[in-house]
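I opened this entry to keep a record of what I looked up, one topic at a time.

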Amino acid sequence: MKVLLAVTGGIAAYKAVELVSILRKRKDEIKVLMTESATKFISPLTFSAVGNTEVYTNEFDYTGLISHTGLSAWAEIMVIAPATANTIAKIANGIADNIVTASALAFKGPKIVVPAMNVRMYENPVTQDNIQKLLNYGWTIVDPESGHLADGEEGKGRYPDNAKIVFEIESLLTRKDMGGLRVLVTAGPTREAIDPVRYISNRSSGKMGYEIAKMAAIRGAQVDLVSGPVNIPAPFKVKRYEVESVQEMAEKVLGLLENEDVVIMAAAVSDYKVERVSDQKIKKINEELNLKLIKTTDILLEISKRRRSNQFVVGFAAETQNLVENAKHKFESKSLDMIVANDVSRKDIGFESDYDEVFIISKTSDPVHVERMTKREIANLLLDMVVTQKGEKI
Ligand code: CTP
């Protein structure tokens, strides 16, 4: 994506450096604009180095580079972060007196403004009117957060989490082909207690399920994410339910099932649990310790028994051998619409990795071999297939 990032002169200007870094890691193309006052807070060199990019600070000093009209024609999206009350007032009124405001006036694509300022300036009706004006002109506003402000005051005006801004950027540039669908995704491992301090779990990081949940939300779906214990923050606009045991996950998932259009079971659910969980920590008294394990609920099997025919159900198959054959068996026995098979014996993909290589098996096509790629790319590919096949099913 080609992102034109405009930084204006507030104390939060330094926080836009992290935004540039995130965008660069995502392989977006970035060009940075700064107002003169922004350069008093942070050096253009910082943005240039972190983003490996050109930084424009003066509309009359192009030194052979592009003008505000050229920049605004180049970009797919424009983001003003942080946006001061002064810049918001100017762009709301069509003033074009510097590189940022002139580019904003000339830009025709999707635009995001991230107000960040002192709470009294933010709450002033003039600023609120100007923000409303921008909304009416089609700008997307990423609201500031409440909390401690630079001048020691408390209130609304803090620069928000950069992940929220990135979510809005992606969201604005993505076709809403899952709009109107409610999607349930499960992710991460489960934990079965042995005693108050120990449990049985697995190496699932939750990354695949979280990417699916996030991308479905970006594509317009209403997403419920039932998640085992993981180290990933809840994606924006996704409703997350945190669970630990298989029983908790089963109850949550089966409770939500009725209202879902699509169910994607990416969680690595434990097949067994300890028959009797010890109330006290098990002491190291004997040479041997035998734990009797019994089967847990197979949530996906339960879903397949209760589902309506217009619900689209996707399972995952974690295998260490006979990948496609074993996955096909699960596909049949759990009456699925689709199954994603991955080889969890490989070190370069799968558990904990950002990459995976999978086979997608469905009713309406031959198994699709998805070569090694990022989990985000796989999530999007999977959702492409879900959207197409769900459409064919209706
Ligand atoms: N699954 C489930 N409930 C369980 C076990 C698995 O809902 N108790 C789901 C997983 O979320 C996944 C699919 O079933 O979508 C397949 O999981 P997997 O562990 O690969 O297979 P199992 O059915 O458990 O079979 P096996 O362990 O024998 O390979």
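I began with leucine 293, which counts as partly exposed because its relative accessibility is 40%, and I kept in mind that this is a predicted model. I placed leucine 293 in strand E16, which covers residues 293–295.

I next asked myself which residues touch the most other members of the largest nonpolar core. Of its 35 residues, I found that these are Ile212, Ile264 and Leu382. The elements that give two or more residues to this core include strands E9 (182–187), E12 (222–227) and E14 (262–265), as well as helices H10 (207–218) and H14 (375–393). I wrote down H10 as the source of the largest share, with 8 residues. For leucine 382 I listed the residues it touches, leaving aside those up to four places away in sequence: Ile212, Ile264, Val314, Phe316, Met338, Val340 and Ile360. Apart from this core I recorded another, of 27 residues, with Val7, Ala12, Ala16 and Val32 among them. As a general remark to myself, nonpolar side chains tend to be buried together in soluble globular proteins.

I then turned to the salt bridges, of which the count comes to 27. Arginine 182 forms one with aspartate 224, and I read 2.9 Å between the closest N and O atoms. This pair links distant parts of the chain, since arginine 182 sits in strand E9 and aspartate 224 in strand E12, 42 residues apart. Are the two partners buried or exposed? Arginine 182 is buried because its relative accessible area is 19%, under the 20% cut-off, and aspartate 224 also counts as buried, at 2%.

For comparison I looked up the pair of aspartate 28 and arginine 26, whose side chains meet in a salt bridge at 2.9 Å, N to O. Here aspartate 28 counts as buried because its relative accessibility is 9%, whereas arginine 26, at 24%, counts as partly exposed.

A further salt bridge joins the side chains of glutamate 302 and arginine 306, at 3.4 Å from N to O. I noted that the two are separated by about one helical turn because they stand 4 residues apart in helix H12 (residues 299–306). An α-helix has 3.6 residues a turn, so residues three or four places apart point the same way. Arginine 306 is partly exposed, with a relative accessible area of 48%. I also recorded one network in which salt bridges that share partners join Arg26, Asp28, Glu170, Glu211 and Arg376.

Helix H9 (residues 162–172) was my next stop, and I found it mostly covered, with 8 of its 11 residues buried. Among the buried residues of H9 I listed Ile165, Val166, Phe167 and Ile169, but also Asn162, Glu168 and Glu170. At the N-terminal end of H9 I found a cap from aspartate 161, with a side-chain oxygen 3.1 Å from the backbone nitrogen of alanine 163.

Terms used:
Residues numbered from 1 in each chain as written. Predicted model: local features only at pLDDT ≥ 70, side-chain atom pairs only at ≥ 80, totals over all residues. Heavy atoms only, no water. Core = buried A, V, L, I, M, F, W, Y, C linked by side-chain atoms within 4.5 Å. Buried < 20%, exposed > 50% of the residue type's maximum accessible area, 1.4 Å probe, protein only. Contact = heavy atoms within 4.5 Å. Polar contact = N/O pair within 3.5 Å; in protein donor to acceptor, adjacent residues only side chain to side chain. Salt bridge = Lys/Arg side-chain N within 4 Å of Asp/Glu carboxyl O.
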